[in-house]
Amino acid sequence: MVDAAATGPADGGSAGRGPTDSGPPPLLVIAGDIGGTSSRLVLAPLNGAVIAEAEGPGANLRSSGADAFDHVAATTREVLERGRAARGGHGEVAAVALGISGAGPARAAEVRGAIGERLRGLGIDAARLRITDDLHTAFLAGGVGDDGLLVLAGTGAVAVRFHDREAVARRDGMGWLLGDIGSAVWLGRRTLEAVAADLDGRGPRTRLTKEIAAMLDLDLREGRLPPSSTGDPRQDLIRALDEQLPAGAPAALGRFAPVPGRIPEDPVARQILETAIAHVLDTVRALDEQVELPVVLAGSVLTGAGPIHDEVTEALRAEGRSVSTAPTGLPGALLLAREQAGELLG
């Protein structure tokens, strides 16, 4: 096991003990919810409340490369240091469990090797490390047991049926180009498409145009405020998006995802919302035709306040389904870390 103060000089005593107290240092676990753009790690005893948290950049092997796992090591170091500062002493890390975007069964061994190598520099034995994907930890965070459905809509969107904690069926998760219907990227893209169609006369007028214009500090109707730099509001829109959406970074489209939910009475906005809601409901029905399994909703689109969350939840409960939300996968990761510690300690 490793001293939780291994990242800095000892100051005497063990975590939660005074400097003169005797006895072995307490056993601790580290749990992490690591997405493609951000991560959050916590340090906690085997039993009891979290004693330290740290946030950092994300890490996804597919989109960020192996170097991104340096961020995981840095955030782990930070949470250890914060734990030492908060408790004024030492603690031994018995296990680490991380739910990482893109670390499904096909890549788990590769990810585990990359992170294990980096955590050795912090004195954490790779044998104590458990790696799974963020879908697994999000499902467990819902607290519905080992069987059920996870429906996640955040930057991307996917639905998974779990049996005995194993993923046995899956829909979508195909990425922004081929699917991810109802995700933040999908919502942002559909919103901007509706605005473009409005300006171009290919689609109906919509209040979405005014909302997007305000976000971009443009007058997309007349091009007067500020004076149009191109003489054409359509081109102003293109130019503004080119400046604000980095090439090759579709996740940035998620910035515009909340707009339809702010004006659900607008017919065009309503259609976007209804398409997303209907997709979630159809997906749940396809994965559980007999209405037997509880449903865990995860991701910012489905757990945040707004018509999509409200109407999806109401419709699922009207069908007689049990619904819970998991705003973060950390509780699931913490459960796995404590289970891992129990197995290692015998």
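Okay, some ground rules. The model is predicted, with local features needing pLDDT of at least 70 and side-chain atom pairs counting only at pLDDT 80 or more, while totals for chains, interfaces and linings use all residues. Residues are numbered from 1 along each chain as its sequence is written, and side-chain values use heavy atoms, leaving out hydrogens and water.

Let's start with salt bridges, meaning a side-chain nitrogen of Lys or Arg within 4 Å of a carboxyl oxygen of Asp or Glu. How many salt bridges does the structure hold? There are 20.

Take Asp198 and Arg221: their closest N and O atoms are 2.7 Å apart. Asp198 sits in helix H5 (residues 184-200) and Arg221 in the loop between helix H6 (208-216) and helix H7 (233-244), so this pair ties together parts that are 23 residues apart in sequence. By helices I mean DSSP runs of H or I with at least four residues, numbered along with strands (E, at least two) from the N terminus.

Is Asp198 buried or exposed? Asp198 is buried, at 6% relative accessibility, and Arg221 is partly exposed at 32%. The cut-offs are under 20% relative accessible area for buried, over 50% for exposed, and partly exposed in between, using a 1.4 Å probe and protein chains only.

Next up, Glu265 and Arg207, with closest N and O atoms 2.6 Å apart. Glu265 is in the loop between helix H8 (259-262) and helix H9 (267-287), and Arg207 is in the loop between H5 and H6, 58 residues apart. Glu265 is exposed at 51%, while Arg207 is partly exposed at 41%.

Then there's Arg262 with Glu211, at 3.8 Å between the closest N and O atoms. That one links helix H8 to helix H6, across 51 residues.

There's also a network of salt bridges, joining Asp282, Arg285, Asp288, Glu319 and Arg321.

Now back to H5, and how it packs on H6. Their axes are 9 Å apart at an angle of about 110 degrees; axes are lines fitted to C-alpha atoms, for helices over the stretch in contact, and angles run from 0 to 180 degrees between N-to-C directions. So H5 and H6 are roughly perpendicular, a label that covers 65 to 115 degrees.

Who touches whom? On the H5 side, the residues in contact (heavy atoms within 4.5 Å) include Leu192, Val195 and Asp198, and the H6 side has Leu208, Thr209 and Ile212. Asp198, remember, is also the salt-bridge partner of Arg221.

Definitions and conventions: Angles under 35 degrees count as roughly parallel, over 145 as roughly antiparallel, 65 to 115 as roughly perpendicular and the rest as oblique.
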